[in-house]
Amino acid sequence: MTGTSAQADTEGSTDMETLLERMGGASAVIETLEGLHGRMQADGELAPFLEGIDLEVWAGKQFDFLGRVLGASEYDGPRLRASHKRLVEHGLSDRHFDATLGYLRAAMADAEVPSDCIDEVIEVFESTRADVLCRQ
Ligand code: HEM
């Protein structure tokens, strides 16, 4: 339905609300993203890919992305490919992807996200691998 956004939110994203709720709500997601970005920046192999990025804008986009994928609404693979194409051309690979998932897991644990939710969120991120790394 295409009513007001408030209606669309409550009627169209029940799954998202459930998983986000189970994760501990928006504050747990924000805490997770902060923990993730801090860890990624501290990793000498990942930091070069983040140079020149406006971290606030990046965090905002990732927050939106999490809402979308965890809510099982539109998943925008082509957009993810476009966002990471330049990085893949500069060597972004499975090694960096795996390290990021490890940091994501640790950041969620720090944010006290329940462990069954952690596994689900990691699965969702795992499913983006081919798009992020621009594979067939
Ligand atoms: C683990 C899976 C990953 C997911 C799900 C993911 C998700 C995203 C999303 C949603 C965006 C914003 C897209 C947009 O709306 O424009 C983005 C941008 C970006 N990501 Fe990732 N990402 C992942 C892995 C990585 C890794 C491993 C790196 C590098 C260390 C990375 C670096 C970046 C950078 C630098 C941008 C900003 C690109 C730009 O604006 O030029 N991402 N990512």
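Here is a tour in stops, each with something to select.

**Before you click**

You're looking at a predicted model, where local features need pLDDT of at least 70, side-chain atom pairs count only at pLDDT 80 or more, and totals for chains, interfaces and linings use all residues. Residues are numbered from 1 along each chain as its sequence is written.

**Stop 1: the whole chain**

Show the protein chain as a cartoon: it has 8 helices and 0 strands. Helices (H or I, at least four residues) and strands (E, at least two) are DSSP runs, numbered from the N terminus. Following the sequence, you get the pattern α-α-α-α-α-α-α-α. Of the 136 residues in the protein chain, 12% are buried. Here, buried means 20 or more other C-beta atoms lie within 10 Å of a residue's own, exposed means 12 or fewer, and partly exposed is in between, with C-beta atoms placed from the backbone.

**Stop 2: around the ligand**

How many residues surround the ligand? There are 22, and the closest are Phe49, Lys61, Phe65, Ser83 and Thr100. The elements giving two or more residues to this shell are H4 (55-70), H5 (77-89) and H6 (94-110). H5 gives the most, with 5 residues. Colour the shell by class and you'll find 14 nonpolar, 6 polar and 2 charged residues. For these classes, Ala, Val, Leu, Ile, Met, Phe, Trp, Tyr, Cys and Pro count as nonpolar, Asp, Glu, Lys and Arg as charged, and the others, Gly among them, as polar.

**Stop 3: H3 against H4**

Now select H3 (residues 25-42) together with H4 (55-70). Their axes come within 11 Å and cross at roughly 130 degrees. Axes are lines fitted to C-alpha atoms, for helices over the stretch in contact, and angles run from 0 to 180 degrees between N-to-C directions. H3 and H4 are therefore oblique to each other. (Under 35 degrees counts as roughly parallel, over 145 as roughly antiparallel, 65 to 115 as roughly perpendicular, and the rest as oblique.) Show the side chains of Val29, Leu33 and His37 on H3 and of Leu55, Ala59, Gln62, Phe63 and Leu66 on H4, which make the contact. Being in contact means that two C-beta atoms, placed from the backbone, lie within 7 Å. By class, that's 6 nonpolar, 2 polar and no charged residues.

**Stop 4: H6 against H7**

Move on to H6 and H7 (residues 115-126), whose axes are 10 Å apart and pack at an angle of about 155 degrees. Roughly parallel or roughly antiparallel? H6 and H7 are therefore roughly antiparallel. Pick out Leu101, Leu104, Arg105, Met108 and Ala109 on H6, then Ile118, Val121, Ile122, Phe125 and Glu126 on H7: these make the contact. This one has 8 nonpolar, no polar and 2 charged residues.

**Stop 5**

Ile30 is found in H3 and counts as partly exposed, with 13 C-beta neighbours inside 10 Å.

**Stop 6**

Most residues other than glycine have a negative phi. Zoom in on Glu112, in the loop between H6 and H7: its phi is positive, near 60 degrees. Glu112 is exposed, with 11 other C-beta atoms within 10 Å. Finish at Cys134, in the segment after H8 (129-132), where phi is also positive, at about 55 degrees.

Terms used:
A residue is near a molecule or strand if its C-beta atom, placed from the backbone, lies within 6 Å of it.
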